[in-house]
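Open the model in your viewer and keep the selection tool at hand. Each stop below says what to pick and what is there.

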2 protein chains.
Amino acid sequence: MTEDGGRRGAGPAAGGGRRSAEATRAAILRAARDRFAADGYDRATIRAIAADARIDPSMVMRYYGSKENLFATAAEFDLRLPDLSGVPADRLGRELVSYFFTRWEGDATLPALLRTASTNPSGAERVRAIFTTQLGVAVGRVVADPTEAPRRAGLVASQLLGVALTRYVLRLPPMVDISPADLITWLAPTIHRYLTDPDPASH
Amino acid sequence: MTEDGGRRGAGPAAGGGRRSAEATRAAILRAARDRFAADGYDRATIRAIAADARIDPSMVMRYYGSKENLFATAAEFDLRLPDLSGVPADRLGRELVSYFFTRWEGDATLPALLRTASTNPSGAERVRAIFTTQLGVAVGRVVADPTEAPRRAGLVASQLLGVALTRYVLRLPPMVDISPADLITWLAPTIHRYLTDPDPASH
DNA sequence: TTGGGAAGTCAACAGGCGTTGGCATACCGT
DNA sequence: ACGGTATGCCAACGCCTGTTGACTTCCCAA
(Lines give C-alpha, C1' and ligand atoms only; values in the text may rest on other atoms or scores of the structure.)
Protein backbone atom coordinates (compact mmCIF):
# COMPACT_ATOMS: atom_id res chain seq x y z
CA MET A 1 0.00 0.00 0.00
CA THR A 2 3.00 2.25 0.42
CA GLU A 3 1.08 4.69 2.59
CA ASP A 4 3.39 4.86 5.56
CA GLY A 5 1.56 7.77 7.00
CA GLY A 6 1.70 10.54 4.52
CA ARG A 7 3.14 12.40 7.49
CA ARG A 8 6.28 10.56 8.45
CA GLY A 9 7.59 11.15 11.95
CA ALA A 10 10.19 13.75 11.21
CA GLY A 11 10.11 14.69 7.58
CA PRO A 12 12.81 16.82 6.05
CA ALA A 13 10.50 19.78 6.31
CA ALA A 14 9.74 19.18 9.97
CA GLY A 15 11.77 22.12 11.16
CA GLY A 16 10.68 24.26 8.28
CA GLY A 17 12.74 24.95 5.15
CA ARG A 18 14.95 22.74 3.04
CA ARG A 19 18.66 22.40 2.71
CA SER A 20 21.12 23.67 0.19
CA ALA A 21 22.42 21.18 -2.32
CA GLU A 22 25.81 21.30 -0.63
CA ALA A 23 24.34 20.49 2.75
CA THR A 24 22.36 17.58 1.36
CA ARG A 25 25.33 16.21 -0.53
CA ALA A 26 27.37 16.36 2.65
CA ALA A 27 24.62 14.77 4.75
CA ILE A 28 24.33 11.89 2.30
CA LEU A 29 28.08 11.37 2.29
CA ARG A 30 28.23 11.36 6.07
CA ALA A 31 25.39 8.87 6.32
CA ALA A 32 26.99 6.73 3.62
CA ARG A 33 30.31 6.62 5.45
CA ASP A 34 28.59 5.55 8.66
CA ARG A 35 26.50 2.88 6.99
CA PHE A 36 29.33 1.48 4.90
CA ALA A 37 31.46 1.41 8.03
CA ALA A 38 28.85 -0.35 10.11
CA ASP A 39 27.44 -2.77 7.57
CA GLY A 40 29.79 -3.17 4.62
CA TYR A 41 28.93 -2.56 0.99
CA ASP A 42 26.17 -5.09 0.46
CA ARG A 43 24.20 -4.59 3.64
CA ALA A 44 24.43 -0.81 3.51
CA THR A 45 21.39 -0.03 1.39
CA ILE A 46 20.71 3.19 -0.46
CA ARG A 47 17.37 3.30 1.30
CA ALA A 48 18.97 3.14 4.74
CA ILE A 49 21.54 5.76 3.87
CA ALA A 50 18.81 8.01 2.54
CA ALA A 51 16.76 7.53 5.70
CA ASP A 52 19.74 8.47 7.85
CA ALA A 53 20.23 11.60 5.79
CA ARG A 54 16.49 12.31 6.06
CA ILE A 55 16.08 12.35 2.34
CA ASP A 56 14.40 10.35 -0.40
CA PRO A 57 16.43 7.51 -1.89
CA SER A 58 16.07 9.01 -5.32
CA MET A 59 18.04 12.04 -4.16
CA VAL A 60 21.02 9.83 -3.48
CA MET A 61 20.92 8.75 -7.09
CA ARG A 62 20.56 12.30 -8.32
CA TYR A 63 23.57 13.46 -6.34
CA TYR A 64 25.84 10.49 -6.76
CA GLY A 65 24.57 8.61 -9.78
CA SER A 66 24.91 5.09 -8.45
CA LYS A 67 25.65 3.15 -5.31
CA GLU A 68 29.03 2.09 -6.65
CA ASN A 69 29.90 5.72 -7.29
CA LEU A 70 28.66 6.81 -3.89
CA PHE A 71 30.90 4.24 -2.30
CA ALA A 72 33.85 5.35 -4.37
CA THR A 73 33.33 8.89 -3.13
CA ALA A 74 32.74 7.83 0.47
CA ALA A 75 35.89 5.73 0.43
CA GLU A 76 38.02 8.51 -0.97
CA PHE A 77 40.77 8.19 1.44
CA ASP A 78 44.06 9.86 1.96
CA LEU A 79 46.32 8.35 4.60
CA ARG A 80 47.96 11.80 4.81
CA LEU A 81 51.14 10.19 5.98
CA PRO A 82 53.55 12.64 7.55
CA ASP A 83 57.01 13.08 6.14
CA LEU A 84 59.18 10.64 8.02
CA SER A 85 62.50 11.68 6.61
CA GLY A 86 63.25 14.05 9.50
CA VAL A 87 62.52 11.43 12.15
CA PRO A 88 65.55 9.86 13.85
CA ALA A 89 65.90 6.21 12.88
CA ASP A 90 65.26 4.82 16.33
CA ARG A 91 61.91 6.60 16.56
CA LEU A 92 60.50 5.53 13.19
CA GLY A 93 58.35 2.68 14.48
CA ARG A 94 56.80 4.63 17.29
CA GLU A 95 56.18 7.64 15.08
CA LEU A 96 54.41 5.67 12.37
CA VAL A 97 52.28 3.63 14.76
CA SER A 98 51.13 6.53 16.87
CA TYR A 99 50.36 8.54 13.76
CA PHE A 100 48.13 5.79 12.45
CA PHE A 101 46.38 5.67 15.76
CA THR A 102 45.48 9.29 16.05
CA ARG A 103 44.31 9.03 12.46
CA TRP A 104 41.96 6.09 13.06
CA GLU A 105 40.44 6.56 16.44
CA GLY A 106 37.31 8.54 15.83
CA ASP A 107 37.39 8.20 12.05
CA ALA A 108 35.28 5.34 10.80
CA THR A 109 36.52 5.49 7.22
CA LEU A 110 39.15 2.81 7.55
CA PRO A 111 36.88 0.16 9.08
CA ALA A 112 34.40 0.99 6.34
CA LEU A 113 37.08 0.42 3.77
CA LEU A 114 38.14 -2.85 5.36
CA ARG A 115 34.60 -4.15 5.64
CA THR A 116 33.92 -3.36 2.05
CA ALA A 117 37.25 -4.53 0.70
CA SER A 118 36.53 -7.96 2.14
CA THR A 119 33.63 -8.54 -0.22
CA ASN A 120 33.73 -5.88 -2.91
CA PRO A 121 36.44 -6.18 -5.56
CA SER A 122 36.66 -2.46 -6.24
CA GLY A 123 36.97 -1.89 -2.50
CA ALA A 124 39.87 -4.33 -2.36
CA GLU A 125 41.47 -2.61 -5.31
CA ARG A 126 41.22 0.69 -3.51
CA VAL A 127 42.89 -0.59 -0.37
CA ARG A 128 45.59 -2.14 -2.51
CA ALA A 129 46.18 1.17 -4.27
CA ILE A 130 46.27 3.12 -1.01
CA PHE A 131 48.74 0.88 0.67
CA THR A 132 51.04 0.07 -2.21
CA THR A 133 51.32 3.70 -3.27
CA GLN A 134 50.88 5.89 -0.21
CA LEU A 135 52.49 3.65 2.38
CA GLY A 136 54.93 2.23 -0.14
CA VAL A 137 56.19 5.67 -1.03
CA ALA A 138 56.55 6.82 2.57
CA VAL A 139 58.43 3.66 3.44
CA GLY A 140 60.60 4.03 0.37
CA ARG A 141 61.88 7.36 1.63
CA VAL A 142 63.01 5.84 4.86
CA VAL A 143 64.37 2.47 3.94
CA ALA A 144 68.03 1.85 3.14
CA ASP A 145 67.64 -0.36 0.06
CA PRO A 146 64.73 0.94 -2.06
CA THR A 147 64.19 -2.43 -3.74
CA GLU A 148 63.17 -3.76 -0.34
CA ALA A 149 60.59 -1.03 0.19
CA PRO A 150 57.51 -2.90 -1.12
CA ARG A 151 58.20 -5.95 0.99
CA ARG A 152 58.80 -3.87 4.12
CA ALA A 153 55.70 -1.79 3.43
CA GLY A 154 53.70 -5.00 3.03
CA LEU A 155 54.84 -6.30 6.38
CA VAL A 156 54.05 -3.00 8.05
CA ALA A 157 50.61 -3.03 6.42
CA SER A 158 49.99 -6.58 7.60
CA GLN A 159 50.50 -5.59 11.23
CA LEU A 160 48.69 -2.27 11.08
CA LEU A 161 45.71 -3.64 9.17
CA GLY A 162 45.68 -6.63 11.47
CA VAL A 163 45.22 -4.29 14.40
CA ALA A 164 42.51 -2.35 12.58
CA LEU A 165 40.75 -5.61 11.74
CA THR A 166 40.85 -7.11 15.21
CA ARG A 167 40.11 -3.88 17.06
CA TYR A 168 37.54 -2.11 14.89
CA VAL A 169 35.94 -4.80 12.75
CA LEU A 170 36.07 -8.11 14.59
CA ARG A 171 36.22 -6.41 17.97
CA LEU A 172 38.29 -9.05 19.72
CA PRO A 173 37.92 -8.11 23.39
CA PRO A 174 41.63 -7.95 24.31
CA MET A 175 42.30 -5.70 21.34
CA VAL A 176 39.33 -3.49 22.09
CA ASP A 177 40.18 -3.11 25.76
CA ILE A 178 43.85 -2.28 25.43
CA SER A 179 44.67 1.40 25.68
CA PRO A 180 46.13 3.16 22.66
CA ALA A 181 49.25 4.01 24.63
CA ASP A 182 49.89 0.39 25.58
CA LEU A 183 49.15 -0.80 22.08
CA ILE A 184 51.56 1.72 20.60
CA THR A 185 54.26 0.56 22.96
CA TRP A 186 53.69 -3.04 21.94
CA LEU A 187 53.55 -2.36 18.21
CA ALA A 188 56.34 0.15 17.78
CA PRO A 189 59.20 -2.37 17.97
CA THR A 190 57.47 -4.62 15.44
CA ILE A 191 57.06 -1.85 12.90
CA HIS A 192 60.56 -0.62 13.61
CA ARG A 193 61.97 -4.06 12.92
CA TYR A 194 60.04 -4.43 9.65
CA LEU A 195 61.46 -1.11 8.53
CA THR A 196 65.07 -1.48 9.57
CA ASP A 197 66.11 -5.08 10.22
CA PRO A 198 68.32 -6.64 7.54
CA ASP A 199 66.26 -8.85 5.26
CA PRO A 200 66.68 -12.35 6.69
CA ALA A 201 66.02 -13.81 3.25
CA SER A 202 69.11 -12.25 1.70
CA HIS A 203 71.55 -14.52 3.50
CA MET B 1 15.80 -15.19 -18.33
CA THR B 2 15.27 -18.31 -16.34
CA GLU B 3 15.66 -20.49 -19.38
CA ASP B 4 19.32 -21.38 -19.32
CA GLY B 5 18.66 -24.23 -21.62
CA GLY B 6 16.20 -26.52 -19.99
CA ARG B 7 19.10 -28.88 -20.57
CA ARG B 8 21.82 -27.41 -18.43
CA GLY B 9 25.35 -28.43 -19.35
CA ALA B 10 25.66 -31.40 -17.09
CA GLY B 11 22.51 -32.10 -15.17
CA PRO B 12 22.59 -34.20 -12.04
CA ALA B 13 21.32 -37.12 -14.05
CA ALA B 14 23.84 -36.64 -16.85
CA GLY B 15 25.97 -39.62 -15.91
CA GLY B 16 22.94 -41.66 -15.01
CA GLY B 17 21.87 -42.29 -11.43
CA ARG B 18 21.56 -39.97 -8.48
CA ARG B 19 23.65 -39.46 -5.38
CA SER B 20 23.32 -40.66 -1.87
CA ALA B 21 22.13 -38.16 0.67
CA GLU B 22 25.60 -38.14 2.21
CA ALA B 23 27.25 -37.34 -1.10
CA THR B 24 24.82 -34.51 -1.80
CA ARG B 25 25.23 -33.04 1.66
CA ALA B 26 28.98 -33.10 1.19
CA ALA B 27 28.79 -31.58 -2.29
CA ILE B 28 26.63 -28.74 -1.01
CA LEU B 29 29.00 -28.09 1.87
CA ARG B 30 32.01 -28.03 -0.43
CA ALA B 31 30.33 -25.62 -2.82
CA ALA B 32 29.20 -23.47 0.10
CA ARG B 33 32.71 -23.22 1.50
CA ASP B 34 34.08 -22.16 -1.88
CA ARG B 35 31.37 -19.59 -2.49
CA PHE B 36 31.53 -18.11 0.99
CA ALA B 37 35.29 -17.93 0.65
CA ALA B 38 35.18 -16.24 -2.71
CA ASP B 39 32.25 -13.89 -2.22
CA GLY B 40 31.47 -13.47 1.46
CA TYR B 41 28.14 -14.15 3.09
CA ASP B 42 25.90 -11.71 1.28
CA ARG B 43 27.11 -12.23 -2.27
CA ALA B 44 27.25 -15.98 -1.94
CA THR B 45 23.71 -16.91 -2.93
CA ILE B 46 21.94 -20.17 -2.24
CA ARG B 47 21.19 -20.40 -5.92
CA ALA B 48 24.85 -20.13 -6.88
CA ILE B 49 25.89 -22.68 -4.29
CA ALA B 50 23.19 -25.05 -5.51
CA ALA B 51 24.32 -24.60 -9.09
CA ASP B 52 27.91 -25.42 -8.14
CA ALA B 53 26.70 -28.55 -6.39
CA ARG B 54 24.55 -29.39 -9.44
CA ILE B 55 21.42 -29.49 -7.41
CA ASP B 56 18.18 -27.56 -7.01
CA PRO B 57 18.25 -24.66 -4.53
CA SER B 58 15.43 -26.23 -2.59
CA MET B 59 17.66 -29.18 -1.74
CA VAL B 60 20.00 -26.84 0.07
CA MET B 61 17.12 -25.83 2.27
CA ARG B 62 16.05 -29.40 2.83
CA TYR B 63 19.52 -30.43 3.92
CA TYR B 64 20.55 -27.37 5.88
CA GLY B 65 17.37 -25.56 6.82
CA SER B 66 18.51 -22.01 6.14
CA LYS B 67 21.34 -20.03 4.68
CA GLU B 68 22.44 -18.89 8.12
CA ASN B 69 22.60 -22.48 9.27
CA LEU B 70 24.48 -23.57 6.17
CA PHE B 71 27.04 -20.91 6.84
CA ALA B 72 27.35 -21.94 10.46
CA THR B 73 28.10 -25.47 9.33
CA ALA B 74 30.46 -24.40 6.56
CA ALA B 75 32.38 -22.20 8.97
CA GLU B 76 32.74 -24.89 11.58
CA PHE B 77 36.35 -24.43 12.18
CA ASP B 78 38.91 -25.92 14.46
CA LEU B 79 42.32 -24.28 14.55
CA ARG B 80 43.65 -27.65 15.74
CA LEU B 81 46.49 -25.89 17.45
CA PRO B 82 49.32 -28.20 18.42
CA ASP B 83 50.38 -28.52 22.02
CA LEU B 84 53.10 -25.94 22.48
CA SER B 85 54.11 -26.89 26.00
CA GLY B 86 56.91 -29.17 24.81
CA VAL B 87 58.43 -26.54 22.54
CA PRO B 88 61.59 -24.82 23.81
CA ALA B 89 60.92 -21.19 24.65
CA ASP B 90 63.16 -19.76 21.96
CA ARG B 91 61.31 -21.65 19.23
CA LEU B 92 57.77 -20.72 20.21
CA GLY B 93 57.33 -17.94 17.65
CA ARG B 94 58.64 -19.90 14.74
CA GLU B 95 56.64 -22.97 15.69
CA LEU B 96 53.33 -21.14 15.94
CA VAL B 97 53.81 -19.14 12.76
CA SER B 98 54.85 -22.07 10.61
CA TYR B 99 52.01 -24.14 11.98
CA PHE B 100 49.50 -21.50 10.99
CA PHE B 101 50.99 -21.39 7.56
CA THR B 102 50.80 -25.05 6.75
CA ARG B 103 47.25 -24.90 8.07
CA TRP B 104 46.13 -22.05 5.81
CA GLU B 105 47.85 -22.50 2.52
CA GLY B 106 45.49 -24.60 0.50
CA ASP B 107 42.58 -24.35 2.90
CA ALA B 108 40.14 -21.63 1.97
CA THR B 109 38.14 -21.78 5.18
CA LEU B 110 39.94 -18.99 6.97
CA PRO B 111 39.60 -16.42 4.19
CA ALA B 112 35.96 -17.41 4.00
CA LEU B 113 35.59 -16.78 7.68
CA LEU B 114 37.38 -13.44 7.45
CA ARG B 115 35.33 -12.28 4.49
CA THR B 116 32.14 -13.15 6.22
CA ALA B 117 33.14 -11.88 9.64
CA SER B 118 33.68 -8.45 8.10
CA THR B 119 30.01 -8.02 7.33
CA ASN B 120 28.07 -10.71 9.16
CA PRO B 121 27.69 -10.36 12.94
CA SER B 122 27.44 -14.08 13.59
CA GLY B 123 30.56 -14.57 11.49
CA ALA B 124 32.39 -12.02 13.62
CA GLU B 125 31.14 -13.73 16.76
CA ARG B 126 32.52 -17.01 15.48
CA VAL B 127 35.97 -15.60 14.80
CA ARG B 128 35.93 -14.00 18.21
CA ALA B 129 35.06 -17.31 19.85
CA ILE B 130 37.72 -19.21 17.92
CA PHE B 131 40.49 -16.82 18.75
CA THR B 132 39.65 -15.98 22.31
CA THR B 133 39.13 -19.61 23.29
CA GLN B 134 41.33 -21.76 21.08
CA LEU B 135 44.26 -19.39 20.65
CA GLY B 136 43.76 -17.93 24.10
CA VAL B 137 44.00 -21.33 25.71
CA ALA B 138 47.07 -22.39 23.77
CA VAL B 139 48.80 -19.14 24.63
CA GLY B 140 47.76 -19.48 28.26
CA ARG B 141 49.68 -22.73 28.54
CA VAL B 142 52.86 -21.09 27.39
CA VAL B 143 52.86 -17.69 28.95
CA ALA B 144 54.48 -16.93 32.28
CA ASP B 145 51.74 -14.80 33.85
CA PRO B 146 48.31 -16.25 32.94
CA THR B 147 46.54 -12.94 33.50
CA GLU B 148 48.50 -11.59 30.55
CA ALA B 149 47.41 -14.42 28.26
CA PRO B 150 44.40 -12.70 26.64
CA ARG B 151 46.36 -9.60 25.80
CA ARG B 152 49.26 -11.58 24.35
CA ALA B 153 46.87 -13.80 22.41
CA GLY B 154 45.19 -10.69 21.04
CA LEU B 155 48.46 -9.27 19.81
CA VAL B 156 49.38 -12.57 18.21
CA ALA B 157 45.98 -12.72 16.54
CA SER B 158 46.37 -9.17 15.25
CA GLN B 159 49.56 -10.07 13.41
CA LEU B 160 48.45 -13.47 12.15
CA LEU B 161 45.04 -12.27 11.00
CA GLY B 162 46.72 -9.23 9.47
CA VAL B 163 48.79 -11.53 7.32
CA ALA B 164 45.76 -13.61 6.38
CA LEU B 165 43.89 -10.44 5.47
CA THR B 166 46.59 -8.86 3.34
CA ARG B 167 47.71 -12.10 1.69
CA TYR B 168 44.48 -14.00 1.08
CA VAL B 169 41.70 -11.45 1.10
CA LEU B 170 43.10 -8.10 -0.01
CA ARG B 171 45.90 -9.73 -1.97
CA LEU B 172 48.44 -6.96 -1.51
CA PRO B 173 51.12 -7.81 -4.07
CA PRO B 174 54.14 -7.81 -1.74
CA MET B 175 52.34 -10.08 0.69
CA VAL B 176 51.17 -12.41 -2.06
CA ASP B 177 54.59 -12.68 -3.70
CA ILE B 178 56.64 -13.35 -0.60
CA SER B 179 57.50 -17.00 -0.03
CA PRO B 180 56.12 -18.78 3.03
CA ALA B 181 59.64 -19.46 4.25
CA ASP B 182 60.63 -15.77 4.08
CA LEU B 183 57.40 -14.69 5.66
CA ILE B 184 57.83 -17.14 8.52
CA THR B 185 61.31 -15.83 9.13
CA TRP B 186 60.03 -12.26 9.26
CA LEU B 187 57.05 -13.03 11.48
CA ALA B 188 58.55 -15.43 13.98
CA PRO B 189 60.39 -12.79 16.06
CA THR B 190 57.23 -10.67 16.23
CA ILE B 191 55.10 -13.51 17.57
CA HIS B 192 57.89 -14.56 19.86
CA ARG B 193 58.08 -11.11 21.34
CA TYR B 194 54.32 -10.87 21.85
CA LEU B 195 54.47 -14.16 23.74
CA THR B 196 57.51 -13.60 25.90
CA ASP B 197 58.52 -9.95 26.24
CA PRO B 198 57.74 -8.36 29.59
CA ASP B 199 54.58 -6.27 29.35
CA PRO B 200 55.84 -2.73 28.72
CA ALA B 201 52.68 -1.36 30.32
CA SER B 202 53.48 -2.82 33.74
CA HIS B 203 56.31 -0.42 34.48
C1' DT C 1 5.54 -57.17 -8.71
C1' DT C 2 4.50 -53.66 -6.20
C1' DG C 3 4.47 -50.24 -2.74
C1' DG C 4 6.91 -46.81 0.05
C1' DG C 5 10.26 -43.78 1.00
C1' DA C 6 14.23 -41.28 -0.44
C1' DA C 7 16.21 -37.92 -3.87
C1' DG C 8 15.32 -34.42 -6.80
C1' DT C 9 12.62 -30.91 -9.72
C1' DC C 10 9.56 -27.09 -10.57
C1' DA C 11 7.01 -22.99 -9.97
C1' DA C 12 5.76 -19.71 -7.18
C1' DC C 13 5.62 -16.57 -2.97
C1' DA C 14 6.64 -12.26 -0.54
C1' DG C 15 9.92 -8.99 0.19
C1' DG C 16 13.93 -6.08 -0.57
C1' DC C 17 17.04 -4.09 -3.76
C1' DG C 18 18.99 -0.23 -7.11
C1' DT C 19 17.20 2.70 -10.16
C1' DT C 20 13.97 5.78 -12.96
C1' DG C 21 10.78 9.41 -14.38
C1' DG C 22 7.13 12.35 -13.44
C1' DC C 23 5.20 15.55 -10.38
C1' DA C 24 5.01 18.98 -6.42
C1' DT C 25 6.98 22.70 -3.91
C1' DA C 26 9.80 26.30 -2.21
C1' DC C 27 13.17 29.73 -3.22
C1' DC C 28 15.16 33.76 -5.61
C1' DG C 29 16.53 36.98 -9.23
C1' DT C 30 14.25 40.13 -11.93
C1' DA D 1 4.51 39.80 -8.84
C1' DC D 2 6.19 36.22 -11.24
C1' DG D 3 8.47 32.67 -13.69
C1' DG D 4 12.33 29.64 -13.74
C1' DT D 5 15.05 26.60 -11.42
C1' DA D 6 16.79 24.05 -7.73
C1' DT D 7 15.28 20.85 -4.29
C1' DG D 8 12.53 17.18 -2.98
C1' DC D 9 8.87 13.41 -2.90
C1' DC D 10 6.15 9.57 -4.77
C1' DA D 11 5.14 5.52 -7.20
C1' DA D 12 6.64 2.30 -9.85
C1' DC D 13 9.87 -0.78 -12.79
C1' DG D 14 12.48 -5.10 -13.17
C1' DC D 15 15.38 -8.02 -10.87
C1' DC D 16 17.15 -11.05 -7.48
C1' DT D 17 16.80 -13.05 -2.97
C1' DG D 18 15.64 -16.86 0.66
C1' DT D 19 12.20 -19.93 1.29
C1' DT D 20 8.06 -23.06 0.63
C1' DG D 21 5.05 -26.80 -0.90
C1' DA D 22 3.43 -29.79 -4.34
C1' DC D 23 4.78 -32.85 -7.74
C1' DT D 24 7.87 -36.43 -10.19
C1' DT D 25 11.21 -40.07 -10.51
C1' DC D 26 14.00 -43.59 -9.04
C1' DC D 27 15.55 -47.37 -6.07
C1' DC D 28 15.06 -51.08 -3.03
C1' DA D 29 12.74 -54.19 0.19
C1' DA D 30 9.00 -57.33 0.86
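Start with both chains. In this predicted model, 50 residues of chain A are in contact with 51 residues of chain B, where contact means heavy atoms within 4.5 Å.

Some ground rules. Residues count from 1 along each chain as its sequence is written, chains are lettered from A and ligands numbered from 1 in the order in which they are written, and side-chain values use heavy atoms, with hydrogens and water left out. Local features need pLDDT of at least 70 and side-chain atom pairs count only at pLDDT 80 or more, while totals for chains, interfaces and linings use all residues.

**Stop 1: the interface area.** Show the surface between the chains. About 4200 Å² is buried there, and carbon and sulfur atoms give 66% of this area. Buried area is the accessible area (1.4 Å probe) that two parts lose on being put together, summed over both. Now select A:Arg43, A:Leu170 and A:Trp186. In chain A these lose the most area to chain B, together 19% of what that side buries.

**Stop 2: charges across the interface.** Select B:Arg43 and A:Asp42. Their side chains meet in a salt bridge (2.5 Å, N to O). The rule is a side-chain nitrogen of Lys or Arg within 4 Å of a carboxyl oxygen of Asp or Glu. It finds 4 salt bridges across the interface of chain A and chain B.

**Stop 3: the axis.** Superpose chain A on chain B. A rotation of 180 degrees with 0.0 Å of shift along its axis does it (RMSD 0.1 Å), by least squares on the C-alpha atoms of residues with pLDDT of at least 70 in both. That is the relation of a two-fold axis. Select A:Gly162: in chain A its C-alpha is nearest the axis, 1.7 Å from it.

**Stop 4: a loop residue.** Go to A:Glu148, in the loop between H7 (121-140) and H8 (149-169) of chain A. Is A:Glu148 buried or exposed? A:Glu148 is buried, with a relative accessible area of 18%; buried means under 20% (1.4 Å probe, protein chains only).

Methods. Helix = DSSP H or I, 4+ residues; strand = E, 2+ residues; numbered from the N terminus. Buried < 20%, exposed > 50% of the residue type's maximum accessible area, 1.4 Å probe, protein only.
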